Amino acid sequence: MISFTRLVVDRLPLWATLCGLAFLAVAGAGCAGRPVPAPPRAVAEAERLVAQASKLQAEENWPGAADWWRRAGQQYQLLNRRGDVALARHNEGICRRAMGQLGVSHALLEEASAANRDLGRTNAWWRNQIALLQLENESDLGRASARLESLEPRLAGIAEPSLVALLRHEEARTRAGQGRLPEALSASARAAAAFQALGEAGGSAAVLLTRARIFQMRGDSVEAVAAWREALAAFERMGHPRGVAMSLSGLGVSLARGGGTREEAESILRRALENLAALKMEAESRVVQDELGKLQTPPGNAVR
């Protein structure tokens, strides 16, 4: 049997929930006990490109992964395998987003979505839609709001529980961006329950980050600090540097804004800044630097 590339989500990777990055391609296997004939040379080349792209994406080498996914898409196009082209475009779009190339990412994801819609690949189409919603929640709230409203009536058509959990999480982020904080908290609670039912620790931790931000937005520093600490503990257990850095920075900001002492806030913010710099998370670093600057203002304007 010739092996083939397919779109599979057995478990949502932790970094997918943090960055909106997901849905790697994996190779299918032949029947047990039977020799698997070598695939045609062009197919073998496509599978080689996918394997390398997947490896680089798992390592968060976004430029390298994006290039290999681009090449894989071209190879599948030559083979007229439109579903696999859509898979490659989706993953390249994920990588382009991580590189900050938001316009290119959006175009690639829309292309993948259109192909999967035409092919009747419903679950793959939902993955495209959720990735687009994740992207738009960070770059174009109006677009994200419109997409969420269009998807809500179709929610019952989702076959995979993991996709429901992801969509509820993005709903929470969209509602928070709209300032509809009670609805955001409600959606985040549904997402947390869905991830817990799946046994998905990464998704649960990501929801904690979102809930902490919502508490912070409504000025509830005590609740925010508790959620940040819970998220930090979860990411420490997982050994996930990006999650640790994000939790530290959020915790430091909430402490600085009334949830703790000046000394603890400054200590945690400095640790967060060091981690963010090491991870090259420049936007987050600027937020932490600004908060540290405020702590150094005259006593009348600082936290206790």
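This is a predicted model: local features need pLDDT of at least 70, side-chain atom pairs count only at pLDDT 80 or more; totals for chains, interfaces and linings use all residues.

Trainee: Okay, how many residues does helix H3 have?

Mentor: H3 has 17 residues, 62–78. Helices here are DSSP runs of H or I with at least four residues, numbered from the N terminus. From first C-alpha to last, H3 reaches 24 Å, close to the expected 24 Å; the expected span is 1.5 Å times one less than the number of residues.

Trainee: And which residues of H3 are buried?

Mentor: Among them are Trp62, Trp68, Trp69 and Tyr76. Buried means under 20% relative accessible area, exposed over 50%, and partly exposed in between (1.4 Å probe, protein chains only).

Trainee: What caps the N-terminal end of H3?

Mentor: Asn61 does, with a side-chain oxygen 3.1 Å from the backbone nitrogen of Gly64. After H3 comes Asn80, whose phi is positive, near 60°.

Trainee: Switching topic: how many salt bridges does the structure hold?

Mentor: There are 24 salt bridges, each being a side-chain nitrogen of Lys or Arg within 4 Å of a carboxyl oxygen of Asp or Glu.

Trainee: Which residue does Glu111 pair with?

Mentor: Glu111 forms a salt bridge with Arg89, and their closest N and O atoms are 3.0 Å apart. Glu111 is in helix H5 (residues 102–119) and Arg89 in helix H4 (residues 82–98), so the pair ties together parts 22 residues apart in sequence.

Trainee: Is Arg89 buried or exposed?

Mentor: Arg89 counts as buried, at 14% relative accessibility, whereas Glu111 is partly exposed at 39%.

Trainee: What about Arg96 and Glu92, how are they placed in H4?

Mentor: They are 4 residues apart, about one helical turn. Their side chains meet in a salt bridge (3.1 Å, N to O), and both residues are buried.

Trainee: Why does that spacing matter for direction?

Mentor: An α-helix has 3.6 residues a turn, so residues three or four places apart point the same way.

Trainee: Last one: which residue meets Glu291?

Mentor: Arg257, in a salt bridge at 3.1 Å, N to O. Glu291 lies in helix H14 (residues 282–295) and Arg257 in helix H12 (residues 241–259), so parts 34 residues apart in sequence are tied together. Glu291 is buried at 5% relative accessible area, while Arg257 is partly exposed at 45%.

Methods:
Residues are numbered from 1 along each chain as its sequence is written. Side-chain values use heavy atoms; hydrogens and water are left out. Helices (H or I, at least four residues) and strands (E, at least two) are DSSP runs, numbered from the N terminus. A polar contact is a pair of N or O atoms within 3.5 Å; within protein, one must be able to donate a hydrogen and the other to accept it, and residues adjacent in sequence count only if both atoms are side-chain atoms.
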